[in-house]
Amino acid sequence: MTRLAYEKPTILRHNAALANKFGRAPGVRALERIDGVKVLDLVAQFGSPLFVYSEHRLRRAYREAYRAFSQRYPKVQFAWSYKTLYLDAICRIFHQEGAWAEVVSEYEYQMARALGIADAHILFNGPYKPEKDLEVALLGGARVHIDHYEELYAAERIARKAGRKIGVTLRISLDAGIHPRWDRFGFNLENGEALDAARRIHSGGHLTLQGLHCHIGTYIADPSAYGRMAAKLAALALQVRRETGMLVESLDCGGGFASRATLHAQYTPGVDATPPVDDYAEAISRAILEAGFAPSELPTLFLETGRALVDEAGFLLTRVVGNKRLADGTRAVIVDAGVNVLFTSFWYRHDVLPAEDRGGMLEDTVVYGPLCMNIDVVRPSVQLPPLEAGDTLVVRPVGAYNVTQSMQFIRLRPAVILLGEKGEIDVIRRAEELADLKGPEFLPKRLTS
Ligand SMILES: *Cc1c(COP(=O)(O)O)cnc(C)c1O
């Protein structure tokens, strides 16, 4: 018989039977399967850490959002926000569902074109579009959202050179009653710049004003802010119509709907606190329908929802590599996925759940990543049962932004797999190798020895 290793005793408050104010026991349940597939099998086959996406959840979220808007408003078009997650397989799923592409850089633009998206179905946002890329997009017929005057003048030069009028959309910043106000993007409404830009488009004679766009921020949990924004955009469109005769064909209310993640600063869990997509749809649709458009001139409503469509479809599987007690007695575990691939951990209080239920007493635990830096904390405190090296944890929701914002700081980036709706399991991005990191480098001859 082997002797058990000695562990210094610790005294813990027993809280297993207490319900919190939502009536749940404070326990953790294991998350053993994702879409019916065993988490432990995935890690055994594809290694750890591992990003896992559920095609079923992606399609379900999209259909729910589209239904919420199209039931309330007659002309709705979604455009998938590439920067939220631009893996080809994921973009393709949203395009199959009917979404256009919303891009914010020339390389995202090229990704959408490479996936076969027509220029006319690409919305091109962002504060910097190099003039040659702006030219390709404008001449190709993309819907370009102009951010500032220099870009407006560049668009005029391009249209003049082409000898034809080109339609553009103006990005507008406005006060929707939320803070921080994202007034660094677009032309400001309240100080009159937005109307001036529309007048300039009219008097310049080279462009037409095709649409108005506003993106008020991200993780905005207040649907009424969208109602105020849509009402202001609609009023501006009507004013432009009256003053210049230009018909604004589209209003784009951007992205930013909250996902069901829980923020560090939030008391109520996101699953209980986040408004349903119907509330956003109701606020926006009502504001536009009541704005006073002639029925034949009702604008098309564009939405660029990113986070809310993809967050809960993504999971990060990670293995425990070590246990320790900190100086103050706090229990800590070290896992093999860190903040270099989990950017949202600075902001989200992710669920961290064991992948199998092996019992044992729960204890507040700090979950550290594998990076050699103090800020590499996946969760500062979470109730977990005893864990051993090799045990697997599931972190969720991680679907939005983590893959696109990840970096190879100390550790390379993990593989991403997609679980299909008929049990398919596909690698949609392989784990990185050293050559992926070192490929672009050159060692000058004088430093070769
Ligand atoms: C990032 C971004 C989006 C998507 O925002 P989410 O918060 O992910 O929904 C939409 N439109 C623009 C212009 C953006 O910059």
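Is Arg67 buried, partly exposed or exposed, and what is its relative accessible area? In this predicted model, in which local features need pLDDT of at least 70, side-chain atom pairs count only at pLDDT 80 or more and totals for chains, interfaces and linings use all residues, Arg67 is partly exposed, with a relative accessible area of 33%. Here buried denotes under 20% relative accessible area, exposed over 50%, and partly exposed the range in between, computed with a 1.4 Å probe on protein chains only. Residues are numbered from 1 along each chain as its sequence is written, and side-chain values use heavy atoms, with hydrogens and water left out.

Arg67 belongs to helix H2, where helices (H or I, at least four residues) and strands (E, at least two) are DSSP runs numbered from the N terminus. Helix H2 comprises 16 residues, 55–70, and spans 22 Å from its first C-alpha to its last, close to the expected 22 Å, the expectation being 1.5 Å times one less than the number of residues. The buried residues of H2 include Glu55, Leu58, Arg59, Ala61, Tyr62, Ala65, Ala68 and Phe69. An α-helix has 3.6 residues a turn, so residues three or four places apart point the same way. Between Arg67 and Ser259 there are 192 residues of separation in sequence, and 17 Å in space from C-alpha to C-alpha.

The ligand is surrounded by 16 residues, the closest of which are Lys83, Thr218, Gly256, Glu304 and Tyr401; a residue is taken as near when one of its heavy atoms lies within 4 Å. This shell divides into 1 nonpolar, 10 polar and 5 charged residues, with Ala, Val, Leu, Ile, Met, Phe, Trp, Tyr, Cys and Pro counted as nonpolar, Asp, Glu, Lys and Arg as charged, and the others, Gly among them, as polar. A polar side-chain atom of Glu304 is placed 2.6 Å from a nitrogen atom of the ligand, while a polar backbone atom of Arg307 lies 2.8 Å from an oxygen atom of the ligand. For Tyr401, a polar side-chain atom is found 2.6 Å from a ligand oxygen atom. Of the 390 Å² of accessible area that the ligand has on its own, the protein covers 94%, areas being computed by the Shrake-Rupley method with a 1.4 Å probe, and with only the protein chains shown counting as cover for residues.

Tyr401 is located in the loop between S18 and S19, and counts as buried because its relative accessibility is 12%. Although Tyr401 is not a glycine, its phi is positive, at about 70°. The loop between strand S18 (392–396) and strand S19 (415–419) also holds Pro397, and the peptide bond from Arg396 to Pro397 is cis, with omega near -10°. A cis peptide bond likewise joins Ser48 to Pro49, with omega near -5°, and Pro49 sits in the loop between helix H1 (39–46) and strand S3 (50–54). Tyr219, also not a glycine, has a positive phi of about 55°; Tyr219 occupies the loop between strand S10 (207–213) and helix H8 (223–244), and is buried at 9% relative accessibility.

Gln383 lies in strand S17, which covers residues 377–384, and is classed as buried because its relative accessibility is 16%. Its side chain forms a polar contact of 3.2 Å with the side chain of Asp364, such a contact being a pair of N or O atoms within 3.5 Å; within protein, one atom must be able to donate a hydrogen and the other to accept it, and residues adjacent in sequence count only if both atoms are side-chain atoms.
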